[in-house]
Amino acid sequence: MIRRVELRDSKVIADIYNEYIMHSVATFETESLEEEEMRSRIIEIFTRFPYWVYETDGRVVGYCYAHTWKQRAAYKYTLETTVYVSSGYAGKGIGKALMQKLIDECRESGYHALIACITSGNEVSSSLHLKLGFKQVSFFEQVGSKFGRWLDVADYELLLT
């Protein structure tokens with residue numbers, strides 16, 4: 001079931017995200033987050049933008065949200081998207097369901113474009129976004145370093161109107 005995020009979800013969201021921080025290049029963060037830091041981030045986002053969790057058997061196993069893409073006023077109709085699914089639940093359509101819900105809400109709310117920044121080689125995320133109608137619009141070489149290697153990123157865009 002997909003539902004709006006609640007502050008009580010902070011711990012499990014931090015756990016899901018920390019799994020990616022410590023074991024993948026899907027995020028360029030390198031230090032685990034405490035529950036309170038995640039709670040602050042959730043508050044900052046969900047009071048202004050869509051934020052969804054996927055719950056199964058009473059447990060949050062994935063989440064997604066949209067947030068400011070750039071700070072300048074002219075970008076106010078463009079948001080950046082984020083989606084993470086707990087490793088034990090990958091490949092079950094949870095990320096797709098979350099992203100579709102996010103896309104629908106952003107469209108209904110009058111946003112014009114969504115941007116996803118994806119680390120090169122993250123085929124699961126690239127494939128998901130392409131299936132949802134996103135197009136790759138940029139590629140940046142060696143813009144991040146994690147686990148002792150340089151990483152490339154690509155931006156994917158979905159026009160909503």
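## Close-up views of a predicted model

**View 1. Arginine 3 and aspartate 9 form a salt bridge.** Arginine 3 counts as buried, because its relative accessibility is 10% and buried means under 20%. This and every other value in these legends comes from a predicted model. The partner of arginine 3 in the salt bridge is aspartate 9, and the closest N and O atoms of the two are 2.8 Å apart. Aspartate 9 is buried as well, with a relative accessible area of 2%. The pairing belongs to a network of salt bridges that links Arg3, Asp9 and Glu55, and a search of the whole structure finds 9 salt bridges.

**View 2. A salt bridge joins the side chains of glutamate 105 and arginine 4.** The N to O distance in this pair is 3.1 Å. Glutamate 105 counts as buried at 15% relative accessibility, whereas arginine 4, at 43%, counts as partly exposed.

**View 3. Threonine 27 sits in the loop between α1 (10-23) and α2 (35-46).** Although threonine 27 is in a loop, this residue is buried, with a relative accessible area of 6%. The side chain of threonine 27 makes a polar contact with the side chain of tyrosine 17, at 2.7 Å. When residues up to four places away in sequence are not counted, threonine 27 touches Tyr17, Tyr20, Ile21, Tyr84 and Lys146.

**View 4. The largest pocket holds about 1100 Å³ of space.** Its lining is made up of 44 residues, and those nearest the centre of the pocket are Ala26, Val83, Tyr84, Asn122 and Ser125. By class, the lining of the largest pocket divides into 22 nonpolar, 15 polar and 7 charged residues. Among the elements that each supply at least two residues of this lining are α1, α2 and β4 (78-85).

Methods. Residues are numbered from 1 along each chain as its sequence is written. This is a predicted model: local features need pLDDT of at least 70, side-chain atom pairs count only at pLDDT 80 or more; totals for chains, interfaces and linings use all residues. Side-chain values use heavy atoms; hydrogens and water are left out. Helices (H or I, at least four residues) and strands (E, at least two) are DSSP runs, numbered from the N terminus. Buried means under 20% relative accessible area, exposed over 50%, partly exposed in between (1.4 Å probe, protein chains only). A polar contact is a pair of N or O atoms within 3.5 Å; within protein, one must be able to donate a hydrogen and the other to accept it, and residues adjacent in sequence count only if both atoms are side-chain atoms. Contact means heavy atoms within 4.5 Å. On a 1 Å grid over the protein atoms alone, a cavity is a set of points where a 1.4 Å probe fits but cannot get out, and a pocket is an open set with protein on both sides within 12 Å along at least five of seven lines; lining residues have an atom within 4 Å of a point. Grid points are joined across faces, edges and corners, and a volume is the space filled by probe spheres set on the points. Ala, Val, Leu, Ile, Met, Phe, Trp, Tyr, Cys and Pro count as nonpolar, Asp, Glu, Lys and Arg as charged, and the others, Gly among them, as polar. A salt bridge is a side-chain nitrogen of Lys or Arg within 4 Å of a carboxyl oxygen of Asp or Glu.
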